[in-house]
Amino acid sequence: MVIMKGLTMSMCLLAVVLLFQGVYGGGVHVESIACYSKSSPCFLKQLKCPKECPSKNPTHPKAKACYLNCNSPICNPECKNKKPNCNGPGAACHDPRFIGGDGVVFYFHGKSNHHFSLVSDPNLQINARFIGLRPPGRHRDFTWIQAIGILFDSHTFSVEATMAEKWDDEVDHLKFSNNGDELSMAEGYPSRWESSANGITVEKTSAKNSALISLPGVAEISINVVPVTKEDDRIHSYHIPDDDCFAHLEVQFRFYGLTAKVEGVLGRTYQPDFVNPAKPGVAMAVLGGEDKYRTSSLLAADCAFCVFSSVEDLNEEESLLVEPAQSIMNCAGGGSNTGNGIVCRK
């Protein structure tokens with residue numbers, strides 16, 4: 001009996017020691033994180049996540065995730081909320097309020113039921129569809145971002161907030177499409193989808209109405225779907241109708257490797273020599289550019305200042321650049337046909 005009691009006490013003591021080591025001695029499994037963009041100072045460096053956020057994909061939707069800023073020379077993993085931060089750089093929220101790459105807050109109202117280029121770079125195009133209304137006596141529309149369209153290489157991707165008469169937190173209002181095909185994602189959290197063709201991933205950051213879209217080495221896009229609330233309506237006098245709560249997107253972008261020629265409502269603020277015309281101290285600095293950045297559709301790159309070129313566009317341009325030696329016809333030897341679509345005649 002004495003031996004059994006001694007063994008029991010020893011086992012209990014061992015369990016306490018193991019628990020202590022697990023909580024305080026680094027027993028929690030910590031993941032590694034790395035950047036895979038060649039332009040990043042952290043390229044391929046395997047770095048340990050902080051113990052406060054040991055996982056890149058936490059099992060609880062409210063837990064902070066391990067994150068590495070691939071544009072920073074510090075290369076120090078940190079904890080962050082996966083949902084958009086409307087007060088951080090690259091944010092586009094509310095009606096709509098932007099925070100540029102330079103950290104300056106500005107508004108761009110656009111026009112309801114029109115599309116505008118938010119970012120246009122040679123290998124990336126991001127457009128937004130605006131919805132809104134114009135109460136009597138107003139000289140412009142109140143607008144919100146209802147959908148985002150993305151073009152990269154020869155691929156397209158879109159995400160939109162579906163219409164809701166009355167807002168219900170238990171209904172998911174996110175709709176995704178990849179290359180024109182609507183995605184079917186599992187309900188609840190966690191839920192993840194990945195394209196085998198282009199590497200784009202979508203992961204839900206809560207059970208409903210929040211997600212993180214990743215374009216490897218190009219961009220990360222955090223999104224929420226939210227309504228225009230009665231309190232918002234009261235404060236801003238939007239005059240929201242009873243049959244539409246104007247469900248819209250809150251968005252925050254993180255870009256990797258934008259070029260110096262990047263354009264767009266938001267993209268221009270990432271130009272290295274950009275001087276923001278917004279006057280310091282102005283509560284609601286409004287930047288124009290509707291004519292410069294209007295596109296014909298959510299997935300078009302035809303605005304006046306757009307610089308995006310798809311893979312097909314580049315291949316077509318290259319095919320038109322024929323070397324002079326290759327363009328000389330040789331009709332010797334009778335009726336031989338030595339050029340594409342060219343017939344030699346005597």
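**Ground rules**

I am working with a predicted model, where local features need pLDDT of at least 70, side-chain atom pairs count only at pLDDT 80 or more, and totals for chains, interfaces and linings use all residues. I number residues from 1 along each chain as its sequence is written, and side-chain values use heavy atoms, with hydrogens and water left out.

**Entry: disulfides**

I found six disulfides in the structure, taking a disulfide as a pair of cysteine sulfur atoms within 2.5 Å.

C35 sits in the loop between β1 (32-33) and β2 (47-48), and C70 in the loop between β3 (65-67) and β4 (78-80), so the pair ties together parts that are 35 residues apart in sequence. For the element names, I use DSSP runs numbered from the N terminus: helices are H or I with at least four residues, and strands are E with at least two.

I then turned to C49 and C66, a disulfide with S to S at 2.2 Å. This link is left-handed, with -90 degrees about the S-S bond. C49 lies in the loop between β2 and β3 while C66 is in strand β3, so the pair ties together parts that are 17 residues apart in sequence. C49 counts as buried because its relative accessibility is 5%, and C66 counts as buried at 6%.

The link of C86 to C93 has an S to S distance of 2.1 Å. I noted a torsion of about -85 degrees, so this disulfide is left-handed. C86 and C93 are buried.

**Entry: the seven-stranded sheet**

What is the strand order of the open sheet of seven strands? I read it as β13-β12-β11-β10-β9-β8-β19, with antiparallel pairing. β13 (181-182) and β19 (294-295) are at the edges with a single partner strand each, so one side of each has no neighbour in the sheet. I count two strands as paired if DSSP finds at least two bridges between them. A reminder to myself: strands of a sheet pair through backbone hydrogen bonds, either parallel or antiparallel.

I looked at β9 (residues 124-133) next, and nine of its 10 residues are buried. Strand β8 (residues 114-121) runs antiparallel to β9, with seven bridges joining them. The two form a hairpin with two residues between them, and D121 has L124 as its bridge partner. On to strand β10 (residues 142-152): β9 pairs with β10 in the antiparallel sense over nine bridges. Among the bridges, L133 is partnered by F142 and A128 by I148.

I148 turned up again when I checked S158, which touches I148, G149, K175, F176, S177 and L298, leaving out residues up to four places away in sequence. Contact here means heavy atoms within 4.5 Å. S158 is in strand β11 (residues 155-161), and it counts as buried because its relative accessibility is 12%.

**Entry: pockets and the cavity**

My terms, on a 1 Å grid over the protein atoms alone: a cavity is a set of points where a 1.4 Å probe fits but cannot get out, a pocket is an open set with protein on both sides within 12 Å along at least five of seven lines, and lining residues have an atom within 4 Å of a point. Grid points are joined across faces, edges and corners, and a volume is the space filled by probe spheres set on the points.

The largest pocket holds about 740 Å³ of space. I listed 28 lining residues, with A34, Y36, K56, S214 and E220 nearest its centre.

The second largest pocket has about 400 Å³. Its lining has 19 residues, and Y67, N69, P89, F253 and R254 are the closest to its centre. β18 gives the most to this lining, with four residues.

I found one cavity of 30 Å³ or more, and the largest cavity has a volume of about 70 Å³. Its lining includes P58, N81, Y189 and T205.

Conventions: Buried means under 20% relative accessible area, exposed over 50%, partly exposed in between (1.4 Å probe, protein chains only).
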